[in-house]
Amino acid sequence: MQSKVLIVGCGGLGIPVIEKIEKLNPDVKVVPYNTKLTSQNALEMMKEYDMVADCSDNFPTRYLVNDACVMLDKPLSRGAVPRFEGLLMTILPKVSACYRCVLEKPSTPGTVPSCREAGIPGATCGTIESLQAMEVIKYSAGVGGLLTGKLLVFYGLTFEFFTIDVKRNEKCPVCGDEPEIASLIDHENSCEG
């Protein structure tokens, strides 16, 4: 079975990289979107994909992608890398916890350091990206257990991995039993740069 996966937040893929990916595996077709994801285009952009992998580095995009996936009932693999730590979860809308079930609201602007200020080692990114790719492969192939209802935490400084159980919040504003958020929102970025 062929799956169509939208990867959000991997900007900077140039033509040579796309050509190399497609040469390595002719069954892979990379379709770059040279536009910013917004509340006006997210649903249209995501609707044709089987799954979304969010690799974005800012809270507004994370909430936008989460909310769009819930509204479209699309599975979502969500990875994040704060400094030497990594976080990963897979979301099956209205079945497992979504991003807002874990963090209901974005941080207040100016309270979170930017990626540049915090410093993020490429090796930490590579670790989480590899695990996130495995989640997408497992979902697409229908094999193995997914990180649904769990948040995988990686501590790069001690090389420890553990999971935290996260339950779907029945009062979640987007995936709860009576959702308050019925349309997409463009949040202000709390960690510019």
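This dialogue treats selected features of a predicted model.

Visitor: How many strands form the sheet, and in what order?

Guide: The sheet is open and consists of 6 strands in the order β1-β2-β3-β4-β5-β6, with mixed pairing. On average, neighbouring strands are turned by 15 degrees against each other, direction ignored.

Visitor: Which strands stand at the edges?

Guide: An edge strand is one with a single partner, so one of its sides is left without a neighbour in the sheet. Here that applies to β1 (5-8) and β6 (160-165).

Visitor: In which sense do β3 and β4 pair?

Guide: Strand β3, residues 76-80, and strand β4, residues 85-91, are antiparallel and joined over 5 bridges. Within this pair, Arg78 of β3 has Met89 in β4 standing opposite.

Visitor: Which helix lies across these strands?

Guide: Helix α6, residues 122-141, lies across β1, β2 (51-54), β3, β4, β5 (150-155) and β6. The helix runs at about 15 degrees to β4.

Visitor: Is Asp73 buried or exposed?

Guide: A residue counts as exposed when its relative accessible area is over 50%. Asp73 has 53% relative accessibility and therefore counts as exposed.

Visitor: Is Ala97 buried or exposed?

Guide: The cut-off for a buried residue is a relative accessible area under 20%. Ala97 has 1% and is therefore buried. Ala97 lies in the loop between β4 and α4 (99-102). Leaving aside neighbours within four places in sequence, Ala97 is in contact with Met89, Ile91, Val166, Lys167 and Arg168. Ala97 and Cys172 are 75 residues apart in sequence, and their C-alpha atoms are 9.0 Å apart in space.

Visitor: Which residues of the largest nonpolar core touch the most other members?

Guide: Among the 30 residues of this core, they are Leu37, Met46, Val52, Val65, Cys98, Val174 and Cys175. At least two core residues come from each of β1, α2 (42-46), α3, β4, α4 and β5. Helix α3 gives the largest share, 7 residues.

Visitor: With which residues is Val174 in contact, leaving aside neighbours within four places in sequence?

Guide: Val174 is in contact with Asn66, Asp67, Val70, Met71, Cys98, Arg100, Pro179 and Ile181, those neighbours being left aside.

Note on methods
Residues numbered from 1 in each chain as written. Predicted model: local features only at pLDDT ≥ 70, side-chain atom pairs only at ≥ 80, totals over all residues. Heavy atoms only, no water. Pairing = 2+ DSSP bridges. Helix = DSSP H or I, 4+ residues; strand = E, 2+ residues; numbered from the N terminus. Axes fitted to C-alpha atoms, helices over the stretch in contact; angles between N-to-C directions. Contact = heavy atoms within 4.5 Å. Buried < 20%, exposed > 50% of the residue type's maximum accessible area, 1.4 Å probe, protein only. Core = buried A, V, L, I, M, F, W, Y, C linked by side-chain atoms within 4.5 Å.
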